[in-house]
Amino acid sequence: GPCTECSCSSGKETDKDTSNRKKKENGDRSFIPKIFFGTRTHKQISQITRELKRTAHSSVPMTILSSRDYTCIHPVVSSSGSNRNEMCVELLEGKHGKSCLYYHGVHKLSEHHALQSAHGMYQAWDIEDLVSLGKKLRACAYFAAREFMVSADIVFCPYNYLLDPQIRESMEINLKGQVVILDEAHNIEDCARESVSYGVTESQLRAAREELDFMVNNNIRQKDHEPLRAVCCSLS
């Protein structure tokens, strides 16, 4: 019969029983958190991945989240100036009847890494390694790196990918229950300020004020435009 000094006599679950029950409810899969490693610059990510290669954890699945400035291999988009993001989106949406063949080749990079992992050949890599392989396979390194995040145990990225809520949302980063490491964390204040700051020139303020003057003088949504005009006036 049941003993009197353990939980089975009172019908209460022990911590171990509760843990086992939760595992069964989740299909015998316990939750394993990812490590999000934030750095100040992309150059620092290169240094860290180089050190990772030298450790016993070099074969751990990883990815590096980076901007299109570093990972886009489309010959037209990558050679453009500051509007790479807009041009990329236009290609993906097929606005001008054209699409990005490199985006449609992302599975080639995914299959390559899956094959390496299966044969025990997986090694830590850097952005340049991924871009080089992407050019060879004609596959988009930017979207491949994002896809790798699903199975990665370590995710390297710049600070703002973790601090800026808009970037977190666009990159589909969920930090709940995950491990977050911030390298050189004394720089966090500046990065946090930059994430919620926006710069405008005096000419932009002047142009905005003129447009708002026109709106107010022509009785176009005066209630909305008058406070905005007041802000522009006070700033200028």
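Q: Is F148 buried or exposed?
A: This is a predicted model: local features need pLDDT of at least 70, side-chain atom pairs count only at pLDDT 80 or more, and totals for chains, interfaces and linings use all residues. Residues are numbered from 1 along each chain as its sequence is written, and side-chain values use heavy atoms, with hydrogens and water left out. Buried means under 20% relative accessible area, exposed over 50%, and partly exposed in between (1.4 Å probe, protein chains only). F148 has a relative accessible area of 8%, so F148 is buried.

Q: How many helices and strands does the chain have?
A: Helices (H or I, at least four residues) and strands (E, at least two) are DSSP runs, numbered from the N terminus. By that count the chain has 14 helices and 4 strands.

Q: Which residue in β3 stands opposite I64?
A: β2 pairs with β3 (residues 154-158) in the parallel sense, over 3 bridges. The residue in β3 opposite I64 is F156.

Q: At what angle do the ring planes of Y103 and F143 lie?
A: Rings of Phe, Tyr and Trp (its six-membered ring) pair if their centres lie within 6.5 Å; planes under 30 degrees apart count as stacked, over 60 as edge-to-face and the rest as tilted. The structure holds 4 aromatic pairs. The rings of Y103 and F143 have centres 4.9 Å apart, and the pair is edge-to-face because the planes lie at 75°.

Q: How many residues apart are Y103 and F143?
A: Y103 is partly exposed at 35% relative accessible area, whereas F143 is buried at 16%. Ring pairs also join Y103, Y142 and F143 into a cluster. Y103 sits in the loop between α6 (84-93) and α7 (106-118) and F143 in helix α9 (residues 141-148), so the pair links parts of the chain that are distant, 40 residues apart.

Q: What is the relative accessible area of W125?
A: W125 lies in the loop between α7 and α8 (127-137). W125 is buried, with a relative accessible area of 5%.

Q: Within what arc do the buried residues of α6 fall?
A: The buried residues of α6 are R84, C88 and L91. The arc is that of the directions from the helix axis to the C-beta atoms. Seen down the axis of α6, these residues line one face of the helix, because they fall within an arc of 65°.

Q: Which helices are included in what covers the buried residues of α6?
A: Contact means heavy atoms within 4.5 Å. The cover of the buried residues of α6 includes α4 (68-71), α5 (75-78) and α9.

Q: What is the separation of the C-alpha atoms of T201 and S236?
A: T201 lies in the loop between α12 (188-195) and α13 (202-217), and T201 counts as partly exposed at 40% relative accessibility. T201 and S236 are 35 residues apart along the chain, and their C-alpha atoms are separated by 9.6 Å.

Methods: Two strands pair if DSSP finds at least two bridges between them.
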